[in-house]
Amino acid sequence: MSVHDTLLNRLKRGCETMAYPKGPAPALPDRHGGALKVEAAKCDASCSACVTVCPTEAIARPAGKPVALDLGRCIFCAECVTVCPTKAITQSNDHRMAVRQREDLVLGDTGKEQVRLAQALDEKLRRLFGRSLKLRQVSAAGCNACEADTNVLGTIGWDLGRFGIQFVASPRHADGLLITGPVSKNMELALKKTYIALPEPRIVIALGACAIAGGPFIGHPQHHNGASGLVPVDLFIPGCPPHPLTILDGLLRLLDRLGESDARR
Amino acid sequence: MLLLTPILLVPLSVALLCLLVPSRRVMAALGVLAFATTLGLGIALLHEVLARGVVREWSEFLSADALSAWMVLLISVVSLATSLYAGRYFERDMAAGVITMGRVREFFVLTPLFGTGMFLVVLANNLGVMWAAVEGTALSSVLLVALYNRRNSLEAAWKYVILGSLGLALALLGTVFVYAAACKSHPDSLPSFNWSYLMSVARQLDPLQLKLAFVFVFVGYGTKAGFAPMHTWLPDAHSEAPSPTSAMLSGVSLKIALYALLRFHILTTACLDGGPDAGFSGHLLLGFGLFSMLLAPSFILVQRNLKRMLAYSSLEHMGLICTGIALNSPLTIFGALLHMGYHALTKPVLFFAAGNIHQTFHSLEFRVIGPGVGKVLPVTVVLMGLAALSAVGLPPFGLFFSELTIISGGLAAHQITVSVVILVALLASFCGILQQLTRILLGARKPGDHPTDARRSDGVPAMTLLLGSLLLFSVWLPAPLLELMHQAAAIIGGKP
Amino acid sequence: MLLTFALWAYVAGMAGALVLQRAERLANVLGFGLAALGGVCGVVFSVSSLAAGRAVTIAPVTLWSGPIPDVRLVVEADALSCFFVLIVSLVGLAISVFSLGYARTYYGRKNVGVLAAVFNALLLVTTLVFIAGNLWMFLIAWELMALLAYGMVSFEHEDREARQAGVLYFIMSHLDAACILLGFLMLAQAAGDFSFASLRGIGAKLSPQQRDAAFMLFVIGFGIKAGAVPLHIWLPVAHPVAPSNISALMSGVLIKTGIYGLVRVCFEFLGPPPMWWGASLLAAGTVSAVLGVLYALMEHDLKRLLAYHSIENIGIILMGIGAALMFLHTGHAVLASLALIAGLYHTINHAVFKALLFLGAGAVLHATHTRNMEEMGGLAKRMRWTSLFFLVGAVAISALPPLNGFVSEWLTYQSLLQGFGTTTSLVRLMFPLGGAMLALTGALAAACFVKAFGITFLAQPRSDHARNAHEASLPVLIGQGVLTAACVFLGLFPTAFLKLLDPLTQQLTGHQLSQQLTLANGLVLSDATAQGGTVSTLGITLMAVYLLPVPLALWAMFGRKARTRIAPTWDCGQRGLTPQMEYTATGFSKPLRMIFKALFRPRREVQREYDFSPYFATTLRFESHMEEVFQTRFYRPVNLWLLRLSRRLRALQAGSLQAYLIYVFITLVALLLFAS
């Protein structure tokens, strides 16, 4: 196609970017159940079916304590949902999962059935990054699914650029670090150096189960179980991989760009 | 008071004495003494000639004008230096077992004889005696060339004697033709064979006969003087002879042969002057001089042997002297005479240094000597370097001035081609000598080479004496000497 | 008289250094100290003479009369001589001070006394070349200069490369002396006298063919000495192997003797020039400039790079002089003065900054023990002052304002650009073409010095020697500092300096131009034309200085609050930056090597050894060659032909006695035929 044809094509098709966040969010696909909701009160006293079935040992049920589901380690296989006899764990079909603190991802206790969503950055950082956030991505030995779903945000449907969020090549140009993958020992130095190269003020976003807690690779001697131990993380976005909508929601929430009142702020 | 006779007798008697004297040291000292004496006598002769014009003895059998006096000085200086150098040279050769005492005695007998012969050539008035004296120098030098009795030396001496004899035979023919021409114009009585007499009747001699005679004399004496293409004996003889003899051969004997030729040139010019063939002899000198100058560098450029290279350099310089004389202006002839003098001071130094190198490295091949001679013989290399700079015509040495005088004289005579050819030839030989000498004199010894340690150089007094005089006379010539040379130039130019 | 004192200082330095050969330190201090003293005297003498504006500073004086009639040594100094004496004294002074420290590197290795003595002798004979008043003095000083320079090029003669370089240098020098000799003799023939005083204007007495022939001889002779293409092959061979202080002297001063000779002969002796003289010089200059810088770009030997740059700058000087000659022909004396001033200004500029660069290269060479830029690097932190001085030199040679290279190139541009309107013949196209080529050269030169400075001084050290490099000694730094100060002065105060050139242009073209070139009380340099192009390097500098408070104030107001964190250079997260990641000199110049492929004819060879797969090579060998066009197409074939001819002639001396006898007979028969 020549330039002329491209221009004509574009003119014919008009604007194809989705209306979100000014409009409703697109629906999640059927297989994606959204965030999990854990109502520990519904659990049987001696039942630990979900604990044994979880492939990443994300669910713990210490004796005498209610069940605790760490969404950060969850790979959203929904086995626990299937096997739970009392429907204590359910899928909420909510795409919103990003949090600021690691503890906010542990569900189960009363009052903590669902994630406590991320708060925006403080005033000063919001003024700096609110309309222009440049991110440097570090792919730390993962499977690349998180990178693929992040990449999708750059297409014309999602158009990350309209929020002023952009991926840059050099950490010197970046405001924030987006880490994916469980951070192998080989990538430790690169990650640390990238972080040091970021000028302050800077933020770190851990994207995906691997980056938060090591994902399927947790406990492997060649891995560091995610980025939390190496660099201070400001935003955790769980998922394996997280849906682009989740990622976008997390980023916009961080920057207070969602523009709607949300009960669970 | 007799001047000319002692000049002849002193070296002759020393030669005979050396037959009897047992010690090599005494023989060497006698040689030095002989030539120092002749040098002193030469200086006295200089003053006499300036005062009286011509010095004659034995009823004009011996005659010395300014040109002869100049040659006497040259012969004395070079022979003196050679004698100074020869002492230690043969001491080392004997220590190395290369030569026997008998041969050394031969050298110290033959060299003064050689000197005597050369003195007789320049002092004889009679052209026949002059020829015989040249023959005498040829004989003594042949035996000197063959001194080492090696295969190469014998071959070189053989070629020298054959070609030299051929040349001398032709020269004899030429000399006889001149006498015939003189007889023809004086049918009454046998005319004198003295040069001074022939000069006085030059206008009456038959031009054609004289031209013919000059051709023979030119080829004949030209062979002895080393004109190309008759020079072919020169590289062999000068390189195979012992270094002191090479110095004398290159330094003066070529010039002696040229002197003999010049006497005929002056005679012929005087005879042909004003006629249709005026300048005939000059043309021959010019042509062969330029040819020698052009031929020599091509041999220097691809030369592998040190002394052969120096011999070809002598060829080049002789060509330049001839060209200077052939250009026939007072300035260029004066320049040619100066060139003779400076060359006579320079070339022996180069040969002495080559002798040192030969004795230390036991070879004269550049490839065998290898680089880094400067590390082994530092003093020799410094002196050789200075002499080489002089020989290629660099200031502040005198050869620069004489070469430039001849070149500018060529331009003044509207012979720009001649000047260009001279420049090209000088440049080519410069390239060759520079290249070859840099190859061996500079650098460091290669690991496998031998010897590697620094040694004392011999013959330093002789070399320093010559170089010192060269430097001194490059910037200053004593007035009497200048006057003498101007007179000699006038004689050659045909205006006595 | 100051100049006499300077000359005697050189003689004393020479003698003293030779006498004290064994005492190295004394020989060093005495020899180079006296040379520095002589330099100071020379500078004071020349500046005062030029400032006084006299046409003739020293009337012809006979120093010595030789035994041969007409052979005399006469010295004479006019404005042109004084200008060049200024160059040799200034540069000589700086190099002498430098050598006080540099010669220490030769202690125990080589003879420092000889080095100091020959250095003094070189300064002496070069000064004598400039103040020569007759042909003999000129030629003797010229030949001695070649001889002494040969000695210095062969100083480290243990190295075969140095020996061969010396031989080539000497042969080319002797060739140029022969050409010059012939040319001068042709002139002296017509004048009947060898003194320069009688040679002035002698060209009018020669026939046009003779004048043209003489001009060609002079161009070839002085061109070889100056290093113009295609006579330049000795320059990049000889300058690198000499000791660095000598390289600086050779590049800075000795090649300028060629320029001196050309100016003296073309403007004073040969009379009114036809158009093709100036045009040919302009063309030769343009070619030299472009080719010089192109070859410089391809070099990774620091000193060879600088040597090729000398060729480029000589080209620029020749462009100025050629343009001046063309303007003389068309009768535009003012423009001729402008072009001449441009050429001569560039002469002194080049002397100063090229010497500075070579001195810097010398310091670097001593510290890193290599001339190869690929083994240097990281020296900016280890040799702060040297890198600063080298940077100033690099900026100057790249003709960037406000330094001196910019001023002289600006003047050259101005004279070239105005050349278009001076004549209606087709030749006028050469002017804008020359200007365009000059612009190309300037750009390429800047690229080349980015490479030279960057690869040598910046980034990380590529070898252990570079890593352990330390700053040079104080005299070395002072020597460089003197030249740096000169660069800055000549750049910022051109109007003051131009006054010194007045007596020069008055003598050579009949015009004094400095008044017209100066505007605004000396702050602004003008090009003396109706269009009134102007530039003010001083103004640029002052503006930069005046504007400096603005960012300072901004910083004081806003910047101090910012926290500064010092972090390592971003290296893409690697284990650390290593020298293997740096640009190489060869890599830097590759784009230009590809663009000018037709000239360079690069040949590239990669050899790879591997055990089981070519992707896992055990050894990798890379070779890159460029064809040196002039050597392979011209000089080497001529050389080989000469040697082949000589070898064929050797057959004449075959050793057969019969053949020798036949030669004699043939000669005899031929002569007999000729005689009859």
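Predicted model: local features only at pLDDT ≥ 70, side-chain atom pairs only at ≥ 80, totals over all residues.

Visitor: Which chains share the most contacts?

Guide: Two pairs of chains are in contact, and chains B and C share the most contacts. Chain B brings 68 residues to that contact and chain C brings 48.

Visitor: What makes up the area buried between chain B and chain C?

Guide: About 5,300 Å² is buried there, and carbon and sulfur atoms give 81% of it. Across this interface there are also 7 residue pairs in polar contact, both residues at pLDDT 80 or more. On the side of chain B that touches chain C, 50 residues are nonpolar, 12 are polar and 6 are charged.

Visitor: Why is the meeting of C:E158 and B:K375 called a salt bridge?

Guide: The rule asks for a side-chain nitrogen of Lys or Arg within 4 Å of a carboxyl oxygen of Asp or Glu. For C:E158 and B:K375 the distance from N to O is 2.6 Å, so the pair meets the rule. The count between chain B and chain C is 1 salt bridge.

Visitor: Let us turn to chain A. How many residues does each side give to its contact with chain C?

Guide: Chain A gives 14 residues and chain C gives 11. Together the two chains bury about 870 Å², with 48% of that on carbon and sulfur atoms. Within chain A, the residues that lose the most area to chain C are A:R172, A:K193 and A:E200, together 50% of what that side buries.

Visitor: What makes A:K193 and C:D571 a salt bridge?

Guide: Here the side chains meet at 2.6 Å, N to O. The limit is 4 Å, so A:K193 and C:D571 qualify. The rule finds 2 salt bridges across the interface of chain A and chain C, along with 6 residue pairs in polar contact, both at pLDDT 80 or more. Helix α6 of chain A (residues 185-197) supplies the largest share of the side that touches chain C, 6 residues. By class, that side of chain A divides into 7 nonpolar, 2 polar and 5 charged residues.

Visitor: What domains does chain C have?

Guide: The domain assignment gives domain 1 (1-190 + 237-255), domain 2 (348-557), domain 3 (582-625) and domain 4 (633-675).

Visitor: How do you know that domain 2 and domain 3 of chain C are in contact?

Guide: With 4.5 Å between heavy atoms as the cut-off, 11 residues of domain 2 of chain C are in contact with 8 residues of domain 3 of chain C. Their centres, taken over C-alpha atoms, are 34 Å apart. The two domains bury about 770 Å² between them, 63% of it on carbon and sulfur atoms. On the domain 2 side, C:E374, C:K451 and C:I455 lose the most area to domain 3, together 51% of what that side buries.

Visitor: Why do C:E582 and C:R462 count as a salt bridge?

Guide: Their side chains meet at 3.1 Å, N to O, and the limit is 4 Å, so they count. The total between domain 2 and domain 3 of chain C is 1 salt bridge.

Visitor: What makes the peptide bond from A:Y20 to A:P21 worth a look?

Guide: That bond is cis, with omega near 5°. Most peptide bonds are trans, and most residues other than glycine have a negative phi. A:P21 sits in the loop between α1 (3-13) and β1 (36-38) of chain A. Another cis peptide bond joins B:A228 and B:P229, with omega about -5°.

Visitor: What is the phi of A:K87?

Guide: A:K87 has a positive phi of about 55° although it is not a glycine. A:K87 lies in the loop between α3 (79-83) and β4 (89-91) of chain A.

Terms used. Residues numbered from 1 in each chain as written. Chains lettered and ligands numbered in written order. Heavy atoms only, no water. Domains from an automatic or database assignment. Buried area = accessible area lost by both parts, 1.4 Å probe. Polar contact = N/O pair within 3.5 Å; in protein donor to acceptor, adjacent residues only side chain to side chain. Helix = DSSP H or I, 4+ residues; strand = E, 2+ residues; numbered from the N terminus. Nonpolar A, V, L, I, M, F, W, Y, C, P; charged D, E, K, R; others polar.
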